[in-house]
Amino acid sequence: MGHETAAAVTTVQEVSTDVAELEPDERPRPVAARSRRARRPVAPRPPRPPRAPEPDAVTVVSTALMIVAVVAGWALVQVLMLGGLSHSRAQDLLRSDLRQQLAAETAPVGGMIAPGAPVALMSIPTLGIEQVVVEGTASGDTMAGPGHRPDTVLPGQMGVSIVYGRSTTYGAPFRSVPLLRAGDGLAVTTAQGEFVYRVDGVRREGDPLPAPLPAGGARLTLVTVEGNGPLAALTQFQTVYVDATLVGEPAVGPGGRPAGIPEAEKAMNGDLDALPVLVLYLQGLLLGVLATVVARRRLPGRAVWVLSLPVLMAFAWLSTDAAARLLPNLF
């Protein structure tokens with residue numbers, strides 16, 4: 001028994017010596033104590049069945065409907081909100097051009113004037129309105145600012161001058177014009193000087209016309225539309241006229257004014273000449289939609305929208321501007 005114990009001690013010492021001589025990385029690591037509770041085996045989850053690909057017809061219809069919804073929403077936002085930014089930018093450019101022309105004495109005073117050219121600066125202090133008036137009353141002209149009807153004399157000149165202005169879209173510069181009252185003043189600056197008018201009254205369709213002008217008199221008539229009821233902003237179809245008489249002596253303009261105007265420049269008419277341009281832009285928009293549908297079947301969805309949205313929005317902007325020219329010029 002003693003010999004066996006001594007032999008065992010000798011063996012342990014030899015093993016300890018051998019372990020001590022090993023490198024730290026080569027030494028055996030102690031086995032961690034087993035958990036008292038045996039872990040229950042977890043059953044593997046069954047693999048999910050592969051997602052069935054959508055039919056091509058579903059992909060095409062869903063993509064097309066999404067694009068139509070986006071474009072329709074963009075068109076509404078552009079006409080009612082972003083159109084105001086376009087109007088403000090146009091007014092800034094027109095104001096700069098008119099000031100330069102007034103300083104150089106090259107601003108128009110009559111005769112045939114190019115549509116869209118600035119002809120006067122109008123100020124209505126009681127309403128906080130200051131707008132550059134452009135020549136022409138078609139929808140494309142009144143998108144930039146109030147438009148002077150070409151078959152009437154320029155503001156400040158002897159006779160009746162008529163100016164149209166929008167009430168809802170593209171800045172709505174004449175939205176508050178129906179709020180004017182008799183005695184309110186407004187000023188107009190043209191190449192022939194500054195002229196002050198006093199409002200005679202506001203009339204609607206069916207109301208009596210103002211008395212004829214006396215010899216040598218001058219009148220300015222502002223024309224816009226308004227609505228009634230809780231949906232007045234969307235039902236502005238009643239034409240409103242504000243008549244104002246010149247205070248002081250009028251200017252005399254040269255002849256050569258047009259004897260009449262096309263239907264597109266009359267109150268509450270659209271410009272049908274914009275229809276071919278609208279068709280062209282809609283064709284570009286349709287091609288963009290088709291290209292997006294095809295690309296969505298071959299490329300990742302996010303990459304497709306990043307590439308296609310700028311193109312679609314550009315054509316939507318151009319199409320909406322062209323479509324707005326078909327709307328009434330006072331809306």
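Start by selecting Asp92, Arg95 and Glu130, which are linked in a network of salt bridges; a salt bridge here is a side-chain nitrogen of Lys or Arg within 4 Å of a carboxyl oxygen of Asp or Glu. The model is predicted: local features need pLDDT of at least 70, side-chain atom pairs count only at pLDDT 80 or more, and totals for chains, interfaces and linings use all residues. Residues are numbered from 1 along each chain as its sequence is written, and side-chain values use heavy atoms, with hydrogens and water left out.

**Salt bridges**

Stay on the first pair. Asp92 and Arg95 form a salt bridge whose closest N and O atoms are 3.6 Å apart. Both residues lie in helix 2 (residues 56-104), three residues apart, about one turn of the helix. Helices (H or I, at least four residues) and strands (E, at least two) are DSSP runs, numbered from the N terminus. Arg95 is buried, with a relative accessible area of 16%. Buried means under 20% relative accessible area, exposed over 50%, and partly exposed in between (1.4 Å probe, protein chains only).

By the salt-bridge rule the count comes to eight. Select Asp151 and Arg149 next: their closest N and O atoms are 2.8 Å apart in another salt bridge. Asp151 is partly exposed at 24% relative accessible area, whereas Arg149 counts as buried at 19%.

Then go to Arg204 and Glu226, a salt bridge with its closest N and O atoms 2.8 Å apart. Arg204 lies in strand 6 (residues 193-204) and Glu226 in strand 7, so the pair ties together parts that are 22 residues apart in sequence. Arg204 is partly exposed, with a relative accessible area of 26%; Glu226 is buried, with 16%.

**The barrel**

Switch to a cartoon view and colour the strands. A closed barrel of eight strands runs 1-2-3-4-7-8-6-5, with mixed pairing. Two strands pair if DSSP finds at least two bridges between them.

Select strand 4 (residues 159-164), where five of the six residues are buried. On one side, strand 3 (residues 147-148) pairs with strand 4 in the antiparallel sense over two bridges, and Gly147 stands opposite Tyr164. Six bridges join strand 4 to strand 7 (residues 218-226), and these two run parallel. To find this pairing, pick Val163, which stands opposite Leu222 in strand 7.

Now turn to strand 1 and strand 5, which pair in the antiparallel sense over three bridges. Ser123 stands opposite Ala187 in strand 5.

**The nonpolar core**

Hide the cartoon and show side chains. The largest nonpolar core has 24 residues, and those with the most contacts inside it are Met122, Leu186, Tyr197, Leu220 and Leu222. Such a core is a set of buried Ala, Val, Leu, Ile, Met, Phe, Trp, Tyr and Cys residues joined through side-chain atoms within 4.5 Å. Strand 1 (118-124), strand 2 (129-135), strand 5 (185-190), strand 6, strand 7 and strand 8 (238-247) each supply at least two residues of this core. Strand 1 gives the most, with four residues.

Leaving aside neighbours within four places in sequence, Leu222 is in contact (heavy atoms within 4.5 Å) with residues including Met122, Ile124, Val163, Phe174 and Leu186. Val240, Tyr241 and Val242 are also among the contacts of Leu222.
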